[in-house]
Amino acid sequence: MTPSWTVRSVLDWTRKRFEDGGIYEPRFTAERLLACAIGVTRVQLYMDPERPLDENERTAMRGLVRRRLSGEPTQYLLGRTEFLGHAFATDARALIPRPETELLVLHCLEKIAKGQHFRFLDLGTGSGCIAVSIAKDCPTAEIWAVDCSAAALSLAKENAQKLGVDQRIQWSEGDLYASLPEGLRFDYVCANPPYIATSAIEALEIEVRAEPRVALDGGIDGLQIVKRIVEGFVPRSNPGAWLALEIGDDQGIAVRELLVSPFFQSTRILQDWSGRDRFALCQRLPSA
């Protein structure tokens with residue numbers, strides 16, 4: 001008699017496959033994929049561990065395991081990821097939202113005067129996680145989101161619609177500031193730009209390399225897009241405006257030097273949850 005594949009046995013089998021395959025957090029990943037395959041929550045898996053899987057569920061799980069072992073990110077397989085308490089659709093059209101970027105948004109929110117009108121620009125919006133999060137938290141904001149990828153913009157728009165803020169965001173496809181209406185100025189400019197050096201791309205984990213290269217590759221020194229964002233900030237900002245950037249953990253000194261300007265004040269390099277340099281914030285002088 002063929003043994004029954006239960007929730008427990010499938011989890012054990014998958015965990016072992018993931019351990020052998022060098023998958024990060026093998027048990028947790030197995031739980032998330034199995035919950036997705038059979039349409040329950042992770043908690044529900046443990047409420048009935050001896051529940052047998054039917055043939056369709058086993059087929060779905062085998063497909064997810066195969067794809068994860070081939071290098072597809074877990075978030076792409078699940079089709080969603082959590083960001084600041086909201087579920088964002090996530091797929092190969094855009095970079096996966098990460099906890100570090102949650103902290104970038106929180107740093108922006110600390111600078112925003114609630115209840116006042118302001119104009120916010122999200123450069124390289126990707127999944128839309130930054131623009132949508134600001135729209136959810138700041139109902140008086142005028143928000144613009146730019147990306148050079150039409151595919152990424154389509155995903156961002158889907159997320160904005162799902163979370164009820166699609167009518168509050170202006171979308172623009174193009175290269176950083178170039179696609180924006182002439183003369184438009186912003187009070188906050190925020191970006192999680194590509195900041196990995198081209199030569200380092202092939203050494204990244206296989207699942208990271210599965211994400212759009214345009215969202216990763218920051219040029220020869222990893223700072224080519226960062227430099228262009230900084231250079232374009234003053235012509236596109238109002239006096240007193242804030243610039244907030246996510247950067248590589250080895251780029252703090254170099255980015256601080258980029259932000260040395262007679263137009264800037266309050267320049268700071270801030271750390272992520274692990275204590276590594278990860279963000280650059282600066283303010284344009286109110287009189288500049």
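**View 1. The lining of the largest cavity has seven nonpolar, no polar and one charged residues.** Here Ala, Val, Leu, Ile, Met, Phe, Trp, Tyr, Cys and Pro count as nonpolar, Asp, Glu, Lys and Arg as charged, and the others, Gly among them, as polar. The residues in question are C108, K111, Y188, V189, W242, L243, A244 and L281. Strand β7 (237–246), along with α6 and β6 (186–191), gives two or more residues to this lining, and β7 has the largest share, with three. The space inside comes to about 40 Å³, and the structure holds one cavity of 30 Å³ or more.

A quick note on what you're looking at: this is a predicted model, where local features need pLDDT of at least 70, side-chain atom pairs count only at pLDDT 80 or more, and totals for chains, interfaces and linings use all residues. Residues are numbered from 1 along each chain as its sequence is written, and side-chain values use heavy atoms, with hydrogens and water left out.

**View 2. The largest pocket has a volume of about 1,300 Å³.** On a 1 Å grid over the protein atoms alone, a pocket is an open set of points with protein on both sides within 12 Å along at least five of seven lines, while a cavity is a set where a 1.4 Å probe fits but cannot get out; lining residues have an atom within 4 Å of a point. Of the 43 residues lining this pocket, R98, E100, E205, V208 and E211 are the closest to its centre. The lining divides into 18 nonpolar, nine polar and 16 charged residues.

**View 3. The second largest pocket has a volume of about 470 Å³.** Look for G124, D147, N192, P194 and A215, the closest to its centre of the 32 residues that line it. Helix α10 gives the largest share of this lining, three residues. Sorted by class, the lining has 19 nonpolar, eight polar and five charged residues.

**View 4. Helices α1 (residues 7–20) and α2 (residues 26–38) pack at an angle of about 130 degrees, with their axes 8 Å apart.** That's why α1 and α2 are oblique to each other (angles under 35 degrees count as roughly parallel, over 145 as roughly antiparallel, 65 to 115 as roughly perpendicular and the rest as oblique).

Note on methods. Axes are lines fitted to C-alpha atoms, for helices over the stretch in contact, and angles run from 0 to 180 degrees between N-to-C directions. Helices (H or I, at least four residues) and strands (E, at least two) are DSSP runs, numbered from the N terminus. Grid points are joined across faces, edges and corners, and a volume is the space filled by probe spheres set on the points.
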